[in-house]
Structure formats: C-alpha cells, structure tokens
Amino acid sequence: MGSNGAPGAALETAVLGGGCFWCLEAVYLQVKGVVSVESGYTGGHVPHPTYEQVCVGDTGHAEVVKLQFDPAIIAYHDLLEIFFTIHDPTTLNRQGNDIGTQYRSVIYYQSPEQEATARQVVAEMANVWDAAIVTELAPAQPYYKAEDYHQDYFRRHPLQGYCAFVVAPKVDEFRKIHGHRIK
C-alpha cells in the first residue's frame, strides 16, 4: 500500500514484460487503480533503443509496460495476478508466435517489497500452471519509452490483424476472469 493506504496516496510503479507490449497495455488500461500505462523497453545495454533495434534482439531489452497505479485501489499483488493470467509465463523468450528475448516474461521490481511480492506470486502461480514458470525477476533497469505510435495501440488499431487475433482475445480473457477489476 501507499504511504498511508488512503485513496490518492502516492502512486507506485510496476514494470512488466510478457510478450508484445500491446497486449499488456490493452489490458492494464482497463484496470481500476491503474492511472497510466506506457509501452517501452528495459533490461538492455543500448541507451535509447528504437523498436527496430529491439526487434532484432541484439539490445537485450524486453518490451514492457510501465504502470503507474494507486496501491489504495489495487495492490501490486493483484496486478501480478492479472499479469500471470494474460500471458504464458512458462515459455522462455516467447509468447505465441512472438519469439526472442525481447518477448521474455519478466518482472522488474522497484523495491524490496515488490521483489518479495513478486516471489510470493510466482510461488502461488507455480500451483496453477502445469509447466515450470520461467518469469525472470530483476531489479529496475533504465527504462525507455517506446515510440509514440506504440502508445495506446490496441484502442487506435482494433482491427489490425495482430490486434484482432492476438490482443483482443487476451483482453476478452482478462474481462472474463477479472471483471470485478475493470474501470
């Protein structure tokens, strides 16, 4: 929780990678308590990478979303529960047809408390998934906002092929499982 647990308390940050950032962004934009969602890159060694550089896979970056959330409305634990229901944390460097380290499952924790919560949720999810969870846990790294055309992508391009066939089903699944968390 925030400093005093009251609505409007200090916002917290979560940085999550689970495949293409368009999928994660589309879901988290709908979550009560999430104030902002931004697509970007982190975990690599090239400063200010471009989408094209990240896609090649040589920069070490993951596609991620950076969430600003109000912990008095939604707990970090709950954000991670959503995370584990909208991507496959058992496939190494892959989500569906998206293959490469840039699509890895990763949680970049911002504090020791977030690290402890992430470890707890990974342990809980190990009882849910049939295969071993390969989600990486790493301390926060330098973060770079993705190009403007990646921001709010699903809302602006719902009929684009990838959005219609990959993003939309993930959004629908989120809405079925976590309907009580929708704004």
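Why is strand β1 (residues 12-18) largely enclosed by the rest of the structure? Six of its seven residues are buried, so the rest of the structure largely encloses β1. Buried means under 20% relative accessible area (1.4 Å probe, protein chains only). This is a predicted model: local features need pLDDT of at least 70, side-chain atom pairs count only at pLDDT 80 or more, and totals for chains, interfaces and linings use all residues. Residues are numbered from 1 along each chain as its sequence is written, and side-chain values use heavy atoms, without hydrogens and water.

**View 1. Strand β1 and its partners.** Strands are DSSP E runs of at least two residues, numbered from the N terminus; two pair if DSSP finds at least two bridges between them. β1 runs antiparallel to β3 (residues 62-69), joined by five bridges. Val15 has Lys66 as its bridge partner in β3. Four bridges link β1 to β6 (residues 105-109), also antiparallel. In β6, Ile107 is the bridge partner of Leu16, and Val106 that of Gly17.

**View 2. The open sheet.** Six strands line up as β7-β6-β1-β3-β2-β8, with mixed pairing. β7 (136-139) and β8 (143-145) are the edges; each has a single partner strand, so one side of each lacks a neighbour in the sheet.

**View 3. The nonpolar cores.** A core is a set of buried Ala, Val, Leu, Ile, Met, Phe, Trp, Tyr and Cys residues joined through side-chain atoms within 4.5 Å. The largest has 43 residues, with Tyr28, Leu67 and Leu79 making the most contacts inside it. A second, separate core of six residues includes Val64, Val106, Tyr108 and Ala138.

Conventions. Buried < 20%, exposed > 50% of the residue type's maximum accessible area, 1.4 Å probe, protein only.
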